[in-house]
Amino acid sequence: MIRVTRKVEFSAAHFYHNPSLSPEENRRIFGKCNNPRGHGHNYVLEVTIAGEPDPTTGMVLDLKELKDILQREVVDRMDHRHLNYEVPELVGQIPTCESIAAVIWNLLAPKISQGKLDRVRVYESPDLFADCTSDGDASARGGRA
Amino acid sequence: MKISLTRRYRFAASHRLYSPKLSEAENRRVYGKCSNPYGHGHNYVVEVTLTGPVDPATGMVANLGELDPFVEREVIDVFDHKNLNEEVAEFQDGVPTAENLVRAIYRRLEKFPAARLDRVRVEETSNNSFELSRDEAQGHPAD
């Protein structure tokens, strides 16, 4: 099996606040990320598709098609948006990179027709990222990220 | 669906690769310039991957407000700007290769109480990296 990864970037604003917690608890748990005026990141999304190359094309999937899916499903939805207010899938959630990776996984999984969605990785910064994988794949791969 | 969180940390340290079980000539043959008796150093990068359920109240696998001070205390304070051979307990009787380093760091970080350690990866230089994942770590007794 071959894994193919496509990278795309988007920039967005967010902040962390759980209305069911007190203001003091929000500040304690979320620190400066709790600033209600928000802050932002240049997110980097890496999407990995696994599969066998088609014998005719030599491709696991058409990368142009994947690029269009990522543009439509992720970039158009999240780029230069406020994740707390403008992305319906994230409204009511704390928009951590864990949550964003899970939302992107759920957006992409039904759209991938060639190969199998293997991993969604969301970098919030070069030093912090979340991976979303399917349970089955994760155990088969020794749980590596 | 499985979610994991990865955070990268940095420290700088000196070391010397030298095994007392080998002769001087063998040390030079096996470790080359890394056995220079005066030592040398690296800017190490430690990549820590945690897994576990995402807490619905926080949206997090682990709160960096807890992870960062834990890694700071368990790894950065212990290794940063130190001589690994002389100042780190794990290498009093072992060679501070990055393979041994990644295992030592794994043992320290697997005590993190708030999420499950899934993998540790150590970059000794931008060209060399070493990783130990949970399944493999469990197959070896603690150092």
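I started with the contacts in chain B. Of those with a separation of 6 or more, 67% join residues 24 or more positions apart. Two residues are in contact if their C-beta atoms, placed from the backbone, lie within 7 Å.

I noted the ground rules next. This is a predicted model, where local features need pLDDT of at least 70 and side-chain atom pairs count only at pLDDT 80 or more, while totals for chains, interfaces and linings use all residues. Residues are numbered from 1 along each chain as its sequence is written, and chains are lettered from A and ligands numbered from 1 in the order in which they are written.

I then looked up the fold of chain B. It has 5 helices and 5 strands, as DSSP runs numbered from the N terminus (helices: H or I, at least four residues; strands: E, at least two). Their order along the sequence is β-α-β-α-β-α-α-β-β-α. The C-alpha atoms fill a box of roughly 60 × 30 × 25 Å along the principal axes. Of the 143 residues in chain B, 33% are buried (20 or more other C-beta atoms within 10 Å of the residue's own; exposed means 12 or fewer, partly exposed in between; C-beta atoms are placed from the backbone).

Where does H81(B) lie? I found H81(B) in the loop between α2 (64-79) and β3 (82-83) of chain B. Its phi is near 55 degrees, a positive value in a non-glycine residue. Most residues other than glycine have a negative phi. H81(B) is exposed, because it has 11 other C-beta atoms within 10 Å.
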